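Thank you for making time for this.

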Amino acid sequence: MRQRKASGGIPSKYLLMILSIVCIMLLFFSYSTGFSGGPLETIANHMFIPMQKGIDYIGSSIAVSSADTKTKEELVEENEELRAQVDDLNSTISNMELKIKELSELQELYELDQTYYDYETTGARIIGKGTSNWFNTFIIDKGSKDGIEKNMNVIADGGLVGIVSSVGDGYAVVRAIIDDTSNVSATISSTEDNCIVSGSLENMTSDNLILFSNLDDDEDKVAIGDVIVTSNISDKYLPGLMIGYVSSVNLDENELTKSGTVTPVVDFKHLSDVLVILQQKESYKNE
Amino acid sequence: MSDIKLYIRRVLIIAVVIYVSFLLQVGVFSRLRLAGVTPNILVCIVASYGFMKGRRYGTVIGFFSGLLLDIFSGGIFGTYAMIYMYIGFLNGLFRKQFFGDDLRLPMILIGTSDLIYGIITFLVLFAIRSQHDFYFYLMNIILPEVVYTLVVSIFVYYIILHLNNWVEKLEKKGSDRIGNY
């Protein structure tokens, strides 16, 4: 009795009980309605995002100054290499231009007008990673103010990075495809067989790989090195975004489907800038 | 009147501590990964306040640090709040055993807290989705995180200890003056 008086307020037992009930209610509410913070997000947005941007700025400027310390010889060498590469690429471009012309002519003939890769994007910086070691989510510095919405696709280095899982005013949380809870409906681009690509913390930490499963490949056509892209039938991911290369294929125990591992094209360990595609799958369907 | 002032000051100081440690965890230490893990500074804060100030502090601080993580993790809202709250409460049970200068008990408690946090996260968020390879997660994620957290927590613990002593001294001074007045 005396102790309670000395500390004042509600005894810890009841406090714990009340807050537990609040937590359980939040859990159910969030699970049923997809609630992710509401007004708390706005407060967090104004308090944390400016500071995180500042920390990110300092961090990136330190990284830049360490890149400045290349010697003159190295730079000259790199320059020569790059020049050779430019010549190489120029010849490929002229080659490709011819092919594109031919393709568009053929498409006109077939009355096809699909521009898969012409998505409008906006660049964003990653300003925070890892609220825990268990999940691969990160925070980017653009939010609903910049037109970002939930379920928008995020790409980098020409490959799929992940999907926006919650949005605040000036920030958005992105769930990477290597996250353990992520599942992407995908297609092997050479055979057009569908499968499901799922992230795996276990395979990611040990071998930098993610998994695919449910691949229906009766004729054993899928080989190591085949490109995996997002499929047309996915309800959240836009079609034709590159995920990675097949690195192993195994027959499942049911002897009907196959599963295996995928090497992602994106280097998730050294990711600092990403592109958010400002178009969603639903609107893509409507067009 | 002075009671409310004291109360507000306490809340503000704790809010700043949580604010800074969250920024450290998400902004700074996520760039300083060792063996692929980042230290869990918020667990240090919650555990330290738990065994320094008692169950009530631990519960409330755990709840709010957890909420913060929930906002920025994009998962189901309330999971971390629940886990951190119970960590704070359990640490609060050890207040009577706590003496400021001895580093052993705080280290054991913080280490155990992080271990419990890891195991609960595994059970609640991974085992439920039929990821049963506990040994792998223990060796590659839970234990490295515990070790890294312990190293960082030596500094975090002393900072919080001194901050706490300073605040208590300040409050004592204030109450003395009121008494004399």
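Before anything else, a word on confidence: pLDDT is the predictor's confidence in each residue, on a scale from 0 to 100, and the helices (H or I, at least four residues) and strands (E, at least two) that I name are DSSP runs, numbered from the N terminus. What you see is a predicted model, in which local features need pLDDT of at least 70 and side-chain atom pairs count only at pLDDT 80 or more, while totals for chains, interfaces and linings use all residues. Residues are numbered from 1 along each chain as its sequence is written, and chains are lettered from A, with ligands numbered from 1, in the order in which they are written.

The model scores ipTM 0.73 and pTM 0.76. For chain A the mean pLDDT is 80, with 87% of its residues at 70 or more, and for chain B the mean is 83, with 94% of its residues reaching 70 or more. Where in chain A is confidence lowest, and where is it highest? The lowest mean, 44, belongs to helix H1 (residues 2-7) of chain A, and the highest, 89, to strand E5 (residues 172-176) of chain A. Over residues 1-7 of chain A, pLDDT stays under 50, and the model has 2 contacts beyond four places in sequence for that stretch; a contact here means that the C-beta atoms of two residues, placed from the backbone, lie within 7 Å. Where pLDDT is low, the predicted coordinates should not be read in detail.

Let me turn to the layout of chain A. It is divided into domain 1 (2-29), domain 2 (37-69 + 120-287) and domain 3 (71-113), with bounds that come from an automatic or database domain assignment. The centres of domain 2 and domain 3 of chain A, taken over C-alpha atoms, are separated by 27 Å.

Now to the strands of chain A, where I count two strands as paired if DSSP finds at least two bridges between them. One barrel is closed by 6 strands of chain A in the order E1-E2-E5-E4-E3-E12, with antiparallel pairing. The twist from one strand to the next averages 45 degrees, where axes are lines fitted to C-alpha atoms, for helices over the stretch in contact, and angles run from 0 to 180 degrees between N-to-C directions.

Strand E7 (residues 193-198) and strand E8 (residues 210-215) of chain A are joined by 3 bridges, and Ile196(A) has Ser213(A) as its bridge partner in E8(A). Between E8(A) and E11(A) there are 4 bridges.

Which residue of E11(A) is the bridge partner of Leu215(A)? That partner is Lys258(A), and Lys258(A) is also the bridge partner of Leu251(A). E10(A) and strand E11 (residues 258-264) of chain A run antiparallel with 7 bridges between them, and Gly244(A) is partnered in E11(A) by Pro264(A). The hairpin of E10(A) and E11(A) has 6 residues between the strands, and there Glu255(A) takes a positive phi near 60 degrees. Strand E9 (residues 227-230) of chain A is in turn joined to strand E10 (residues 242-251) by 3 bridges, with Val227(A) partnered by Tyr245(A).

Chain B has 6 helices and 0 strands. Its radius of gyration, taken over C-alpha atoms, is 17 Å, close to the 16 Å that the globule rule gives for 181 residues, so chain B is as compact as a globular protein of that length; the rule is 2.2 Å times the number of residues to the power 0.38.

Finally, the contact between the chains takes 37 residues from chain B and 38 residues from chain A. On the side of chain B that touches chain A, H3(B) gives the most, with 9 residues.
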